[in-house]
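Please read it alongside the sequence and coordinates.

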Amino acid sequence: MCVAAQGISRVIARFAAVACLGVLGSAAAWAQTSGDVEKAASGLLIGLKPGVNKELADNADRSPTRDRVRAQARWSRAAHAGQTEAIRVAREAGVSIRRSTASGDAQVLGLERPLKGQALSDAMRRLRLHPDVAWVEPDVLVPRLQALPVVPNDTKFVQQWHLQTPDPTRPAALNLPAAWARTTGTPIAGAPVVVAVVDSGVRLDHPDLAGKLLPGRDLISELDIANDGNGRDDDPSDPGDWVSASDLHKPVFAGCSTSDSSWHGTFISGQIAAATDNASAVAGLSWGAQVLPVRVSGKCGARLSDLLDGVRWAAGLPVEGQPLNPHPARVINLSFGGDALCSPAYQETIDAATAAGALVVVAAGNGGGALKRPADCQRVLAVASVQRDGSKASYSSFGANVALSAPGGSWSSTPQDTLITSITNSGLNGPVDNTVGLKQGTSFAAPQAAGVASLMLSVNPALTPEQLIERMKVAARPHGNLGLPACGPTSSQVCQCTTDTCGAGLLDADRAVQLASGPAAIIDALGSVLPGSLLTLDGRRSAAAPSAVVVSYRWTQLAGPPVVITADDQALATVQLPTEEAEYRFRLSVTDSDGQVGESEFRVLASRQNVLAGAAIGGGGGANSLLWGAAFWAWVLGLGLAQYRQRRPTVGAA
C-alpha cells in the first residue's frame, strides 16, 4: 500500500502519489456509485485543492464596491491558470484529454472519447488519487424531469375506461394521463379555449360544471319543442326533453315516439370539460376549457334552421335577431344524427364556421350504415364509434368521410366497463338530482375528439381547423387486427375497422397534443419479454407535423442493467437483453425538419413468468396502467415469496 508520510514536502508527495497511481491501477481507492458510471461521460469535472491555483487564491475580490468588470478580469485569469493546472494533473494521472475548460471555479477535462462503466471509473479513480485534486465528477448528460402521467382524483375516473392509458384490456382508450402530463388544457397565455356544445342545453346547477360555463344562448324558436315556455333567449338551461303520449297528438311531433329526458347536452359538456381533480364525479378531457352551451334541441330533436343558427352563433357569426356571441368558439361539438345527405344550407354553414376559425366536430351517426349529414359534409371532423376493444360499434355509421374513431360505448353485462360515463340528471321528465350516468352512441365519441382538439389548441392556439383535423389523423393509432370480418357496405354489426370505413385510426390524445406543436415519437407496443431475448425498438411510425418531416432518431437507456442499443440513431433499433430478470426503461427522441423534438418513454419488464411488458408512455402505450402496475408488483411479490421459500427451514408433512 502506498502512503505518503505526513512531513514530506508537497513536491515529494506529488511524485510519490503519481508513482502510486501506476501501481494501484484498478484498486478501489474511492467508491463510486454505479449510477455515475453507467452513463457515458464526455468529460470529467475536477475541483483543485485550495492553493493549487495561485490566481484563484490571490485574486479574491476585496474591493469595497465589487466592480464587475474587474472581477470578471480576475476570474478569467484564475480560470486560465486553473486550466493549465488541470492539464498538468491529467497528464500526471495518466488520463488522456483533448482540452480543459473552466466551469465556475472547477475545471472540465474533455476526454478524447466518451467513457462509461469500468473505464470511466478507472479514470476518475486515477484523478481522485492525485494530491492536488479535491473531487472528481463525470460530466454526463443530465435528463430533464420527465412529466409523469397525471391521474385525477375524481371519484368516477376509474370507471372512465375510455380516458385511460391503452393496454390489452382497453386498446381503444384515449391515452389521457400521458396527454395531461403535457397540458391539462389551460393555455400558458391568453384566454381559455372555448368549446361550444350545440345541443339540448345544460343543467347550469350541476356541480361538476361550476365555473366551466360561459353565457350561452337558447335558439329554439318553436315553443312546443323548447319546453321552457318561451322562445329564443339568453337562458341555455335544459328543462328536459321528454316526449309524453299526449305530446304525440300535436302535429309538430308527428313521427316522434315517447321518451324520457336525455340530458344530452349536460352529458357531453361533462365529457369535454367537467371540473377535474376535485374529488367528485368525473374527469373532463380538457380541464382548462370553457363550455359555451348553445341550446337548439328540445322535445324530439331540433329544427334544422335552429341547429344551423346555433352553429353560426357559436362561431361568432351574425344570427338574425340575436346579439353577437362575445366568446366565439374554437371548437364546436355537433352530436346530431343524420336524416338526409348533406345539403347546401348545411355545407354553407359549416364552411362559414370553419372560415371563422372553428373546428366543427360531428358524430358519424347511429344508423349502422352509410354517413348522412352532418357527417358526410366536407370540412367537418367526423368521428365513428368503437367498442372498448377497438372494433366498430354495431350502431355506428361509417364511411370514407370519417376522420377517425373514438370510444362510444357498447352494452354488456358489466355496463360500467363498456359504456361511457359522464354527468347527467336523474329526472325522467323535469330535472331532479344532478348525478353521474352511463350512455352509448356516436354522440359521445365526437366530444372526445372535441376535447382533444381543445387540448391541442391550449398548446398551439394558432392551429387552423384544417390543421387540427390533419394532425389528429396523423396521430391516430392504427386499427387493431381483431380477427373480425372487415366492415363492409352494410356492416350494421360489430366488425373490423379499416381506414376506408372508420377513419385514420383510433384517437390518441397524447400523440395529438405532441403534434400540436412538434413531432410525436411513436413507439410500437412491446409484448411479453423474456430475459436474454433480442428486443426490437420500433419507432418507424413516429410522425412530424404535416408541414415537416422526421429527420433524426435517438434511442437512449434510462434505467436497468446497462445494455448496448444497436443502431441507436435509426428508427428501428435492437437490444440484446441480459439473462437476469429486470426492469428497463428507454426513451425515443425524434427531431423534425423544423428543429422541433418529440419524446416518448417506455418500460420493459423482462420476466421468466412472461409478465406483460409496458408499452409507450408518451407514444400510446400502457407503462403506467393499472394492469402493468399489478403485473409488476405481482412479479416482485413472486420473487420475494420464492426467496422466502428458499430460506425458510423445511417442515415435515403432518
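Which residue in β18 is the bridge partner of Q557? The partner is F586. The model is predicted; local features need pLDDT of at least 70, side-chain atom pairs count only at pLDDT 80 or more, and totals for chains, interfaces and linings use all residues. Residues are numbered from 1 along each chain as its sequence is written, and side-chain values use heavy atoms, with hydrogens and water left out.

**Confidence**
- Mean pLDDT (the predictor's confidence in each residue, from 0 to 100) is 84 for the protein, and 83% of its residues reach 70 or more.
- Residues 1–35 stay under 50 in pLDDT, and the model has 34 contacts (heavy atoms within 4.5 Å) for them beyond four places in sequence.
- Residues 610–654 also stay under 50, with 90 contacts beyond four places in sequence.
- Where pLDDT is low, predicted coordinates should not be read in detail.

**Sheet β15-β18-β19**
- Three strands make an open, antiparallel sheet in the order β15-β18-β19; strands (E, at least two residues) and helices (H or I, at least four) are DSSP runs numbered from the N terminus, and two strands pair if DSSP finds at least two bridges between them.
- β15 (550–559) and β19 (597–606) are the edge strands, each pairing on one side only.
- On average, neighbouring strands of this sheet are turned by 20 degrees against each other, direction ignored, with axes fitted as lines to C-alpha atoms and angles running from 0 to 180 degrees between N-to-C directions.
- Between β15 and β18 (residues 582–592), the antiparallel pairing covers 8 bridges.

**Aromatic rings and charges**
- There are 6 aromatic pairs, counting rings of Phe, Tyr and Trp (its six-membered ring) with centres within 6.5 Å; planes under 30 degrees apart are stacked, over 60 edge-to-face and the rest tilted.
- F157 and W180 are a tilted pair because their planes lie at 45 degrees, with ring centres 5.9 Å apart.
- F157 is in the loop between β4 (133–140) and α6 (176–182), and W180 is in helix α6, 23 residues apart.
- Both residues, F157 and W180, are buried (under 20% relative accessible area, 1.4 Å probe, protein chains only; exposed is over 50%, partly exposed in between).
- One aromatic cluster is formed by W555, Y584, F586 and F602.
- K299 has its charged end over the ring of W242, 4.3 Å from the centre; the rule asks for NZ of Lys or CZ of Arg within 6 Å of the ring centre and within 35 degrees of the ring normal.
- K439 lies over the face of F267, 5.5 Å from the ring centre.

**Helix α12**
- In α12 (residues 465–475), P465, L468, I469, R471, M472 and A475 are buried.
- These buried residues pack against α10 (344–355), β9 (359–363), β10 (381–386), β11 (402–407), α11 (446–459) and α13 (509–517).
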